[in-house]
Amino acid sequence: MVTAIDTLTEATVWRWLDEVKDPEVPVISVVELGVVRGVQVSDAGAVTVDVTPTDSGCPATVIIEELIAAAIDS
């Protein structure tokens, strides 16, 4: 968790995302799986996460995006 005194960094977001497990294979994180392609944090603290599914028809993509959003919002 980032406090008001802390500055949100890309490294912090990457650490959070490394805790997000793949819903189909929960022993691997979405970072380890390679679906998180990039993270940007604006000067205002807005976070953008680039996600590329492992398969264009992957049914877990929506769930993964929701898990990522929840990890960032917590």
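Predicted model: local features only at pLDDT ≥ 70, side-chain atom pairs only at ≥ 80, totals over all residues.
**Entry 1: the buried side of α3**

Thr61, Ile64, Ile68, Ala71 and Ile72 are buried in α3. I then checked how they are arranged around the helix axis: they cover an arc of only 95°, which puts them on the same side of α3. I noted the general rule here: an α-helix has 3.6 residues a turn, so residues three or four places apart point the same way.

**Entry 2: the opposite face and the span of α3**

I turned to the face of α3 directed away from its buried side and found the exposed residues Val62 and Asp73 there. For the helix geometry, I recorded 13 residues and a reach of 18 Å from the first C-alpha to the last. This is close to the 18 Å expected at 1.5 Å a residue.

**Entry 3: packing partners of α3**

Against which elements do the buried residues of α3 pack? I found α1, α2 (30-33), β1 and β2 (47-51). I placed these in the order of the chain, which runs α-α-β-β-α from the N terminus on.

**Entry 4: the nonpolar core**

I looked up the largest nonpolar core and found 15 residues in it. Val13, Leu17, Val30, Val36 and Ile68 touch the most other members. Two or more residues of this core come from each of α1 (10-17), β1 (36-41) and α3 (61-73). The element that gives the most is α3, with four residues.

**Entry 5: contacts of Leu17**

I took Leu17 for a closer look and left out residues up to four places away in sequence. Leu17 touches Ser29, Val30, Val31, Val36, Val39, Val49 and Ile68. Ile68 in this list is also one of the buried residues of α3.

**Entry 6: the chain as a whole**

I compared the radius of gyration with the globule rule. For 74 residues a compact globule would have a value near 11 Å, and the chain has 12 Å, which agrees. Along its principal axes, the C-alpha trace spans about 40 × 20 × 15 Å.

I next asked what share of the 74 residues counts as buried. The value is 27%, with under 20% relative accessible area as the cut-off. The chain exposes about 4,800 Å², and carbon and sulfur atoms supply 55% of this area.

Residues 24 or more positions apart account for 40% of them.

How values were computed: Residues numbered from 1 in each chain as written. Heavy atoms only, no water. Rg over C-alpha atoms; globule rule 2.2 N^0.38 Å. Buried < 20%, exposed > 50% of the residue type's maximum accessible area, 1.4 Å probe, protein only. Contact = heavy atoms within 4.5 Å. Areas by Shrake-Rupley, 256 points an atom, 1.4 Å probe, with all protein chains shown as cover. Core = buried A, V, L, I, M, F, W, Y, C linked by side-chain atoms within 4.5 Å. Expected span 1.5 Å × (residues − 1). Arc of directions from axis to C-beta.
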